[in-house]
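Dear colleague,

Please find below the structure that I am handing over to you. My findings follow it, and I would be grateful if you read them with the model open.

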Amino acid sequence: MSNVQCECGQANSEGTLICQNCGKPLEKTEAEAPLLNMRYEGAARRSKTYTSTIIDKIWMFFSSVKVGIWILVILLFASALGSVFPQEVFIPADQNASIYYKEEYGFLGQLYYDVGFHNLYGSWWYMLLLASLGVSLIIASLDRVVPLYKSLSKQRITRHPMFLKKQRLFSKTQVSNVNQEQMLNQVKANLSKKHYKVREENGNLLAEKNRFARWGPYVNHVGIIIFLIGCMLRYFPGMYVDESMWVREGEEARVPGTDSTLFVHNERFFVEYYDDSDPTFQEALERNGDPVVKTFQTDAVLLATEESGVIGETREKKEVARQEIRVNEPLKYEGLSLYQTQYKLNELNELSFTLENKETGETYGRMDIDLFDPEEMYELEEGYKVEVLGYFPDYFMNDQNQPSTRSRVPDNPYFFFKMYTPETPEGEVSFVGIQDNREPLGETEYKMTFVDVVMKNVSILTVRKDYTIPFLIVGGAIFMIGLVQGAYWTHRRIWLQKVDNEWWIAGHTNKSWLALQRDIEFVAEGTGLNETVDQSEDKQKKKQAQEG
């Protein structure tokens, strides 16, 4: 890539609008324009210079502010779609998502599930949008901040007259109208009062303050990028867990998100109600009617599996924590928290049936079915046996008029049994629920008779672990720092330079031009220097309109 040689001897990169040494306009359009384009100090940007290779084109695409805005708009629209109906993680844990959305929200709910919006924030394309936004922020920032930093860190005090003349705030004063030495001393004193950092070269001055304000937008970008990294890390294993687990009284269950290394044993679960004879709450309890829960608690033991060097060997569990878990009193262990959120009383756990001869009423054995792990075959006495052909924990008839289940929770368990007896060696089929016995393939000689039920209380715990919080906090804090940095300070520069027999004064700021003009008025006070004129087109048009 060839360089552009300036008359001052500086070799500028192709695409540079203003010489990075003396400030002379290099492009014809800049030389003819009434004011200089001071964005990025006229330095060459990579996206405007290198355009030939595929990497250059990718860089150009993501460096565009319009592209970044469109990515953000699409991301916001997609995020809004994800909030139309609850995400799958927020539906009841005992519900089957494929059935839940259709039953609750009809056709739109089914469509919502079919297109994958029920897990939108963890989908690959949503992650791709987040990554694209991050890439856009990084490339757009580097494309602008690098040339800007180089220009500001190497800026000269003495600038080309064309540079000063084409600044928005500009004025000339004849040398004979001022006492030069006294004027310079007064200007420097006034600049110091306004907290400008003054540099001097051959009698020329450059006063500057609040350069750090120029980095505010890029600090914002750094904060957003860190925040996006934190959001994306939530979908990496082990970084973020927010799931529910059911632990039945007297049993243990695996803690989700721990790779089967932690288990919770529910020693006891109980619910305590307000005493309806207590005069303090009697009026409210009478108004409510039903008993009001005061508290519910799980006496939990956290178990960890011990490491074993043998693959496939059953690992021993050891107790690592024990706590009475109540609402807002979680069990905490190594960044993991177990919260008591819900419960379910008297959940069906085991059903017992016996095989009965319909004609004689004689029964043959008893089979106890674990509703969470039923066996395929139950051997009874004297050659009688029963095979489980199908099991529907939460039975209902679907749209195809076929038996189906809403979830794996046995709220309405039904079985297809095939009964084998010496009289019916080929077997008879029966469709059985609690106090319900049907014969779908015709009348049978035997039937399954309900005998007993075992119920258990269930504690529903929410498991939470979040190692991304530091990223979100740091990213948010950096974003706010950048916001304040760019919003409450302005980068201001004032040049005072002797050109032939005149003193030229020029000023530039990234915003708040009126404040800079007042600063220059204060600096020129008592020095004999003329006040600057705003050379912007809008100001000139207004002035001409007033004069006309």
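In this predicted model, Lys209 has Arg492 as its bridge partner in strand E22. The pairing to which I draw your attention is that of strand E5 (residues 204-209) with E22, which is antiparallel and extends over five bridges.

E22 also pairs with strand E23 (residues 502-509); the two run antiparallel and are joined by eight bridges. E22 and E23 form a hairpin with two residues between the strands, where Asp500 adopts a positive phi near 55°. Strand E22 (residues 492-499) is largely enclosed by the rest of the structure, because seven of its eight residues are buried.

The cysteines deserve a separate look. The structure contains zero disulfides. Cys6 takes part in none, and the nearest cysteine sulfur to its own, that of Cys19, lies 3.6 Å away; a disulfide would require the two sulfur atoms to be within 2.5 Å. Cys22 is likewise in no disulfide, its nearest cysteine sulfur being that of Cys6, at 3.7 Å. Cys6 counts as buried because its relative accessibility is 5%, and Cys22 counts as buried because its value is 10%.

Finally, please examine the surface. Val65, Ile69, Trp70, Val73 and Ile74 make a nonpolar patch of about 510 Å². Trp70 belongs to helix H4 (residues 65-81), and this residue counts as exposed because its relative accessibility is 58%.

Yours sincerely

Conventions:
Residues are numbered from 1 along each chain as its sequence is written. This is a predicted model: local features need pLDDT of at least 70, side-chain atom pairs count only at pLDDT 80 or more; totals for chains, interfaces and linings use all residues. Side-chain values use heavy atoms; hydrogens and water are left out. Patches are made of residues with over 30% relative accessible area and no salt bridge: like charges are joined within 9 Å, nonpolar side chains (Val, Leu, Ile, Met, Phe, Trp, Tyr) within 5 Å. Accessible areas come from the Shrake-Rupley method with a 1.4 Å probe; for residues, only the protein chains shown count as cover. A salt bridge is a side-chain nitrogen of Lys or Arg within 4 Å of a carboxyl oxygen of Asp or Glu. Helices (H or I, at least four residues) and strands (E, at least two) are DSSP runs, numbered from the N terminus. Buried means under 20% relative accessible area, exposed over 50%, partly exposed in between (1.4 Å probe, protein chains only). Two strands pair if DSSP finds at least two bridges between them.
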